[in-house]
Amino acid sequence: MTTNDQLFERARKVIPGGVNSPVRAFRAVGGTPRFIARAQGPYMWDAEGKRFIDYIGSWGPMILGHGHPAVLAAVQQAATEGFSFGAPTEREVELAEEILSLVPSAEQIRLVSSGTEAAMTAIRLARGATGRSKFIKFEGCYHGHADALLVKAGSGLATFGNPTSAGVPPEVVQHTLVLEYNNLEQIEEAFRLHGPELACVMIEPIAGNMNFVRAQVPFVKRIRELCDQHGALFVFDEVMTGFRVALGSAQSLYAEAIPGFAPDISVFGKVIGGGMPLAAFASSRRIMEHLAPLGTVYQAGTLSGNPVATACGLATLREIRKPGFFDDLSRKTRMLVDGLKGAADAAGVPFSVDSQGGMFGFFFMPELPQNYTTVMTTDQPRFNRFFHGLLDRGVYIAPALYEAGFVSAAHTDADIAETVAVAADVLRSL
Ligand SMILES: *Cc1c(COP(=O)(O)O)cnc(C)c1O
């Protein structure tokens, strides 16, 4: 048998850090990443044959669990018909219609291959449609790794950001303004200073890249008003939350709380591909018509709307739109977070939890944090002990305290009960 250690050693010789995406390397928590050999339903097995209950779900896409029969059949059928044509297909039209039928804020959509690509293009579209260069993002929100988005706050609201990655020239982020999440004063001030120059405000409505932090309703409402007053576009990055927190995505929750609310541009990924490389951005026809070949904003992709990926995404969306799907998924996710909270309370460990649909977060702090600075005050060594305690006992959560967790429809009540029992055991030993 090949061990995880052996595979990691081999991987590090040929792949930087041994991984193709940094968080997989376990740098935040220490130890050896598990090399996954296969997965089925809510479980994954590593190269050593150990089974894990999976709460990462490929970082969100696997909302039905692994190897769902209807999805597998659709992918197998599509593969026999051809992997890629570089020409339009009926299936991508079907997927576009399917997504738009669930997202009333948008009239047109374009399919791409990754969330990074979709978010990057959404910014370009907002800039092209408004003829403006500057935009606002929030600290702790991740929108993929396009150059202009790898940025941290500058020294004040009058100054723009600094790159967070080598290889990004400061000039490339000079139009990106980074503000604190849920900070009303800062957004007011930013619009007062830069309103007429702002192309858009981009936000993760529930920030899953700082574990799980909700944008408060008054905050979202005020951004909507400020964008309207100043002619800026409001971009919802729903790559993680889209079709994951509710069938209508996070925007449907804000539309319930704020009459008439809709974002101008929505970005999707993860669930819409069902585990295949697929993402999208969507908006009104008026805005989308700025895109090539109709308009002057360029965007293209060899594998965009790929026939196998669209088959996977379509089959996934057709399952999740069945009646009662989100009620049951939400119930199970709540069962998990309530169980974890109960176990933490019993163990005397400060703990807070939140969840929506099939997405959840927990923090080793008594109150839910509202911004990135607070998230980062989490007791990291304690999180790391909790992570490894769960992993050793066959429960796989994200290997970093700033990542959200995901429950799938394939998780049974028994899986959740087992997870809570394991967590209770680990929490007592912290
Ligand atoms: C995952 C994610 C992205 C990036 O998507 P990739 O497919 O990894 O490029 C962008 N935005 C959000 C909110 C995400 O969660």
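I call a crossing left-handed if the near helix is turned anticlockwise from the far one by less than a right angle, and right-handed if clockwise. Helices (H or I, at least four residues) and strands (E, at least two) are DSSP runs numbered from the N terminus.

The model is predicted, so local features need pLDDT of at least 70 and side-chain atom pairs count only at pLDDT 80 or more, while totals for chains, interfaces and linings use all residues. Residues are numbered from 1 along each chain as its sequence is written, and side-chain values use heavy atoms, with hydrogens and water left out.

**Entry: α2 and α9**

I looked up helix α2 (residues 69-81) and helix α9 (residues 307-320), whose axes come within 8 Å and cross at roughly 155°. That makes α2 roughly antiparallel to α9. Axes are lines fitted to C-alpha atoms, for helices over the stretch in contact, and angles run from 0 to 180 degrees between N-to-C directions. Angles under 35 degrees count as roughly parallel, over 145 as roughly antiparallel, 65 to 115 as roughly perpendicular and the rest as oblique. The crossing of α2 and α9 is right-handed.

I then listed the contact (heavy atoms within 4.5 Å). From α2 come Ala70, Val71, Ala74, Val75, Ala78 and Ala79, and from α9 come Pro307, Val308, Ala311, Cys312, Ala315, Thr316 and Glu319. By class, the contact of α2 with α9 has eleven nonpolar residues, one polar and one charged. Here Ala, Val, Leu, Ile, Met, Phe, Trp, Tyr, Cys and Pro count as nonpolar, Asp, Glu, Lys and Arg as charged, and the others, Gly among them, as polar.

**Entry: α12 and α13**

The axes of α12 (residues 380-392) and α13 (residues 413-428) come within 9 Å and cross at roughly 135°. The two helices, α12 and α13, are therefore oblique to each other. Their crossing is right-handed. Arg385, Phe386, Gly389 and Leu390 of α12 meet Val422, Ala423, Val426 and Leu427 of α13. I sorted the residues of this contact into six nonpolar, one polar and one charged.

**Entry: backbone**

Which peptide bond is cis? The bond from Ala292 to Pro293 is, with omega near 10°. I found Pro293 in the loop between α8 (285-288) and α9. Asn211 has a positive phi of about 80°, although it is not a glycine. I placed Asn211 in the loop between β10 (206-207) and β11 (213-214).

On a 1 Å grid over the protein atoms alone, a cavity is a set of points where a 1.4 Å probe fits but cannot get out, and a pocket is an open set with protein on both sides within 12 Å along at least five of seven lines; lining residues have an atom within 4 Å of a point. Grid points are joined across faces, edges and corners, and a volume is the space filled by probe spheres set on the points.

I noted about 660 Å³ for the second largest pocket. Its lining has 29 residues, of which Glu92, Ile109, Arg110, Leu111 and Ser304 lie nearest the centre. In that lining, α3 gives the most, with five residues. The lining of this pocket divides into 16 nonpolar, ten polar and three charged residues.

I found four cavities of 30 Å³ or more. The largest cavity holds about 90 Å³ of space. Its lining includes Asn211, Phe383 and Glu403. Strand β16 (residues 359-363) gives the most to that lining, with three residues.
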